Amino acid sequence: MGESGRDRSQAGDRAFKALDLVVRRRLNGLLQGDRAGHRLGSGSDPEEVVRYRAGEDDVRRMDWNVTARTGEPHVWRPLAEHELDTWVLVDETPSMDFGTAMSEKRDVAGWVAGSVGLLTDGPGNRVGVAHLTPTGLEWDAPLPGRVSARRTLRSVAGAPRADRRSDTTTLGEAMTALERRHRRPGLRVVVSDFVDPDGATERPFTWEPALRRLAARHDVIVVEVLDPRELELPDLGLVVLRDPESGRAREVHTTPALRQRYAELAAGHRAAVADAVRSTGAGHVIVRTDTDWVRDLARYIISRRHTRRTDRKVR
């Protein structure tokens with residue numbers, strides 16, 4: 001391994017150690033009091049109330065409140081734990097090499113992908129990663145969660161930057177490839193800024209059908225990564241704006257009217273993305289380069305747990 005290769009590997013290892021501390025100390029702490037714990041994916045809820053079956057259930061787990069209410073004996077029973085098959089699709093195209101706050105979108109995406117590995121770590125669980133890069137789609141074979149997290153951080157930290165894309169693989173095509181290549185039901189996480197190379201800002205988006213097919217078979221979480229400058233354009237006078245996906249550049253004057261129109265289009269695009277994700281049945285969490293992504297992720301997990309408990313009670 002060359003000097004630059006060793007530097008990238010060491011940078012990845014440092015990132016993994018920092019992320020491990022964040023997940024174990026901060027994320028776990030933020031989730032304290034949430035009985036379902038911090039695990040992502042199906043099969044991680046602790047228990048459910050079911051009718052007592054003589055000879056099969058332990059009477060010491062009797063739920064007397066439910067028994068009194070229904071007139072029939074009920075017990076707490078642990079939910080079945082299954083090996084969790086997880087795949088993370090990480091957008092590493094040029095639009096992710098942008099950040100005007102604490103970090104670049106690519107960095108946040110890598111940390112989120114690594115967190116998925118740490119949060120799904122468990123006996124028999126495996127996490128694979130698909131990288132949508134400027135040169136195409138690359139696959140990392142499934143590994144135990146912590147090992148996958150370390151590998152992901154190394155990969156993202158060491159990936160070269162590109163001025164523009166040399167491959168035309170779209171986010172929708174990457175989702176389709178993931179759905180066709182790995183069909184065993186499990187957890188699928190898509191991490192992207194949802195910036196369309198063709199500049200599309202309104203529905204229907206080209207990735208919608210692929211995400212809908214993915215969500216029909218798997219438990220899907222969409223993690224949208226944003227930077228504040230993608231939402232509002234500052235008053236900078238005459239500037240040159242460059243499209244990171246195509247490399248096209250244009251000189252513009254940041255007048256108040258232009259900045260207002262920019263903010264309106266940006267807000268409309270974000271709302272359209274949220275509506276599109278919601279329509280597919282996938283979960284949706286937004287993380288930003290200028291906010292605490294750990295807290296945002298923790299809040300989403302807590303909300304996800306509470307929603308599932310409510311749904312289970314309704315059924």
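Visitor: Which strands and which helix each supply at least two residues of the lining of the largest pocket?

Guide: The model is a predicted one, and the elements in question are strand E8 (238-242), strand E9 (249-253) and helix H7 (256-280), each of which supplies at least two residues of the lining. Among the contributors, H7 gives the largest share, with seven residues.

The largest pocket holds about 1400 Å³ of space. Its lining is made up of 40 residues, and the closest to the pocket centre are Leu241, Arg242, Asp243, Pro244 and Tyr262. Sorted by class, the lining comprises 20 nonpolar residues, 16 charged residues and four polar residues. As to how such space is found, a probe the size of a water molecule is rolled over the atoms, and this shows where empty space is left.

Helix H7 also has a helical partner. Helix H6 (residues 208-217) packs with H7 at an angle of about 35 degrees, and the two axes are 8 Å apart. The crossing of H6 past H7 is right-handed. On the H6 side the residues that meet H7 are Glu208, Leu211, Arg212 and Ala215, while on the H7 side they are Ala276, Val277, Ser279 and Thr280. This contact of H6 with H7 consists, by class, of four nonpolar, two polar and two charged residues.

The loop that leads from strand E6 (187-192) to H6 contains Pro204. The peptide bond from Arg203 to Pro204 is cis, its omega being near 0 degrees. Phe194 is found in the loop between E6 and H6 as well. The phi of Phe194 is near 55 degrees, which is a positive value in a residue other than glycine.

A word on confidence is in order. For the protein chain the mean pLDDT is 84, and 84% of the residues reach 70 or more. Over residues 32-37, however, pLDDT stays under 50, and for this stretch the model has 13 contacts beyond four places in sequence.

Technical notes: Residues are numbered from 1 along each chain as its sequence is written. This is a predicted model: local features need pLDDT of at least 70, side-chain atom pairs count only at pLDDT 80 or more; totals for chains, interfaces and linings use all residues. Side-chain values use heavy atoms; hydrogens and water are left out. On a 1 Å grid over the protein atoms alone, a cavity is a set of points where a 1.4 Å probe fits but cannot get out, and a pocket is an open set with protein on both sides within 12 Å along at least five of seven lines; lining residues have an atom within 4 Å of a point. Grid points are joined across faces, edges and corners, and a volume is the space filled by probe spheres set on the points. Helices (H or I, at least four residues) and strands (E, at least two) are DSSP runs, numbered from the N terminus. Ala, Val, Leu, Ile, Met, Phe, Trp, Tyr, Cys and Pro count as nonpolar, Asp, Glu, Lys and Arg as charged, and the others, Gly among them, as polar. pLDDT is the predictor's confidence in each residue, from 0 to 100. Contact means heavy atoms within 4.5 Å. Axes are lines fitted to C-alpha atoms, for helices over the stretch in contact, and angles run from 0 to 180 degrees between N-to-C directions. A crossing is left-handed if the near helix is turned anticlockwise from the far one by less than a right angle, and right-handed if clockwise.
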